[in-house]
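Dear colleague,

I am handing over the structure below, and my notes on what was found in it follow. Please read them alongside the model.

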Amino acid sequence: MKSSELNRIALKHGWKFVSQDGSSHREYEKNGITLVIPYHGAKEVPVGTCKHILKAIMNVK
């Protein structure tokens, strides 16, 4: 999955964009929890990293 898709999924699930660290990582926040997603445009995110981020996105209510 591409990092741009992960960012779209986070926004869709209610995460709010907070800041961008340089040009490679974006921070999102929801209910006081911070989530950092690597941002490399069209570049694929490694499978393990992607699964971890998706799990975090889905589990915070």
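**The sheet and a buried lysine**

Strand 2 (residues 25-30) pairs with strand 3 in the antiparallel sense over 6 bridges, where strands are DSSP runs of E of at least two residues, helices are DSSP runs of H or I of at least four residues, and both are numbered from the N terminus; two strands pair if DSSP finds at least two bridges between them. The model is a predicted one, in which local features need pLDDT of at least 70 and side-chain atom pairs count only at pLDDT 80 or more, while totals for chains, interfaces and linings use all residues. Residues are numbered from 1 along each chain as its sequence is written, and side-chain values use heavy atoms, with hydrogens and water left out.

Within strand 2, Glu-27 stands opposite Ser-19 and has Val-36 of strand 3 as a bridge partner. The hairpin of strand 1 and strand 2 has 3 residues between the strands, and Gly-22 there takes a positive phi near 65°; the hairpin of strand 2 and strand 3 has 2 residues between them, with Asn-31 in the turn at a positive phi of about 55°.

Lys-30, in strand 2, has Ile-33 as its bridge partner in strand 3. Lys-30 is buried (under 20% relative accessible area, with a 1.4 Å probe and protein chains only), yet it has no salt bridge, and the nearest side chain of opposite charge, Glu-29, is 12 Å away; a salt bridge is a side-chain nitrogen of Lys or Arg within 4 Å of a carboxyl oxygen of Asp or Glu. The side chain of Lys-30 does reach the backbone oxygen of Val-60 at 3.2 Å. Not counting residues up to four places away in sequence, Lys-30 touches His-13, Gly-14, Trp-15, Val-60 and Lys-61, contact meaning heavy atoms within 4.5 Å.

Best regards

Notes:
Buried < 20%, exposed > 50% of the residue type's maximum accessible area, 1.4 Å probe, protein only. Lys, Arg positive; Asp, Glu negative; His and termini not counted. Polar contact = N/O pair within 3.5 Å; in protein donor to acceptor, adjacent residues only side chain to side chain.
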